[in-house]
Amino acid sequence: MILVTGGAGYIGSHCVLKLKDAGENVVIFDNLSTGHIETVQKLGVEFVQGDLRNPADINAVFENYKIDAVVHFAAFSQVGESVKEPYKYFQNNVCGSLNLLDAMVKHDCKKIVFSSTAAVYGEPDYTPIDENHPKHPINPYGETKLTVEMIMDDFDKAYGLKSVRLRYFNVAGADTSGRIGEWHEPETHLIPNVLKAALGSGKTFNLFGDDYDTKDGTCVRDYIDVNDLAAAHLLALNYLKNGGETNVFNLGTQTGSTVKEVFKACEDITGKEIPFEIQPRREGDPAILVADNKKAREILGWNPLHSLNESVQTAWNWEQILTKFNK
Ligand code: UFG
């Protein structure tokens with residue numbers, strides 16, 4: 001059985017669907033602090049409500065289920081909030097992960113796929129960013145993820161626990177059949193915020209900064225479809241099952257899109273003129289973040305298939321469903 005922590009969240013839930021499709025038995029462990037019970041109900045797998053900050057909760061899962069491997073998403077993930085509340089981030093993301101790793105060792109479970117982030121690199125020295133790029137995170141969120149990566153190296157040396165750390169760039173899109181999608185409260189990400197403005201909810205889209213040194217003055221990001229991202233987790237699990245060593249991979253498309261290009265894609269797909277306002281730069285936003293994804297292609301055999309337009313289309317389908325939840 002595969003344990004998925006944070007399986008009620010955006011990326012975790014898409015990964016659960018992918019694992020299910022591959023015939024894996026899955027148990028979700030989630031405290032529902034940012035994930036949603038409605039999402040869990042759509043997935044149709046075992047669910048344990050619990051908190052990684054409480055060692056008894058996570059140890060009980062290993063006692064009640066025979067866990068072969070873990071895919072670990074459970075974490076707080078808002079960069080801005082992490083700057084204001086570092087204790088909350090280190091306590092949950094680092095201490096929670098430590099409790100999980102300790103429970104794994106105690107129950108002789110030695111394989112984990114970890115949800116890491118491009119935020120471990122900080123302000124890039126060069127792009128595209130490969131895995132050897134210096135790691136100097138510029139916010140507590142990135143620091144917590146890098147710290148957990150370091151702890152995982154130490155757990156490999158000490159206990160032979162093998163980990164694959166997947167460093168995501170900008171995740172976008174939703175399940176192609178509309179069962180689940182991105183559902184953050186509050187929403188901070190670009191595509192859902194543009195689409196919420198497209199829904200005519202009275203919200204204007206705020207574009208943070210058009211004076212960057214990029215082709216149209218807006219930030220460049222590498223948008224990777226959540227379905228492609230989920231596929232990479234399955235490949236990473238198989239890599240570990242086949243005896244793969246501890247490793248780290250960037251997950252992105254190796255293609256950059258500006259905020260204005262994403263906005264235009266949203267207007268094209270929704271067929272709407274979306275209200276927007278140019279705002280000052282958001283603190284901590286690097287001008288350009290694009291992944292070098294060669295390593296994941298070569299070692300995991302990963303091949304991202306979905307275009308930005310496809311991600312925007314599934315995100316738009318989902319956003320219209322989400323309004324029916326009255327959120
Ligand atoms: N943006 C806007 N308006 C919005 C939201 C975003 O203009 O309402 C802009 C941002 O300024 C940025 C781009 O759109 O230029 C993308 O912003 P997101 O918030 O969607 O994503 P980030 O690039 O800030 O964050 C992503 C991941 C984080 C990770 C970070 C690494 O979501 O988890 O990359 O730097 F930490």
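Which element gives the largest share of the shell around the ligand? In this predicted model, that element is β8, with four residues.

**The ligand and its surroundings**

The shell around the ligand holds 20 residues, and those that come nearest are Leu 190, Asn 206, Arg 221, Arg 282 and Asp 285. By type, the shell consists of 11 nonpolar, six polar and three charged residues. Residues of both domain 1 (2-172 + 224-251) and domain 2 (190-221 + 254-326) belong to the shell, so the ligand lies between the two domains.

| Residue | Part of the residue | Distance to a ligand oxygen atom |
|---|---|---|
| His 189 | side-chain N or O atom | 3.0 Å |
| Asn 193 | polar side-chain atom | 3.1 Å |
| Phe 208 | backbone N or O atom | 2.9 Å |

Of the 690 Å² of accessible area that the ligand has on its own, the protein covers 90%.

**Aromatic pairs**

The whole structure contains five aromatic pairs. One of them joins Phe 155 and Tyr 159 edge-to-face, at 5.0 Å centre to centre and with 65° between the planes. Both residues belong to helix α6 (residues 140-159) and stand four residues apart, about one turn of the helix. Phe 155 is buried at 11% relative accessible area, whereas Tyr 159 is partly exposed at 42%.

Phe 205 and Phe 263 form a stacked pair, with centres 5.7 Å apart and 20° between the planes. Because Phe 205 lies in strand β8 and Phe 263 in helix α9 (residues 259-270), this pair ties together parts 58 residues apart in sequence. Phe 205 is buried at 5% relative accessibility, and Phe 263 is buried at 8%. Ring pairs also link Phe 205 and Phe 263 with Phe 276 in a cluster.

Terms used:
Residues are numbered from 1 along each chain as its sequence is written. This is a predicted model: local features need pLDDT of at least 70, side-chain atom pairs count only at pLDDT 80 or more; totals for chains, interfaces and linings use all residues. Side-chain values use heavy atoms; hydrogens and water are left out. A residue is near a molecule or strand if one of its heavy atoms lies within 4 Å of it. A polar contact is a pair of N or O atoms within 3.5 Å; within protein, one must be able to donate a hydrogen and the other to accept it, and residues adjacent in sequence count only if both atoms are side-chain atoms. Accessible areas come from the Shrake-Rupley method with a 1.4 Å probe; for residues, only the protein chains shown count as cover. Helices (H or I, at least four residues) and strands (E, at least two) are DSSP runs, numbered from the N terminus. Ala, Val, Leu, Ile, Met, Phe, Trp, Tyr, Cys and Pro count as nonpolar, Asp, Glu, Lys and Arg as charged, and the others, Gly among them, as polar. Domain bounds come from an automatic or database domain assignment. Rings of Phe, Tyr and Trp (its six-membered ring) pair if their centres lie within 6.5 Å; planes under 30 degrees apart count as stacked, over 60 as edge-to-face and the rest as tilted. Buried means under 20% relative accessible area, exposed over 50%, partly exposed in between (1.4 Å probe, protein chains only).
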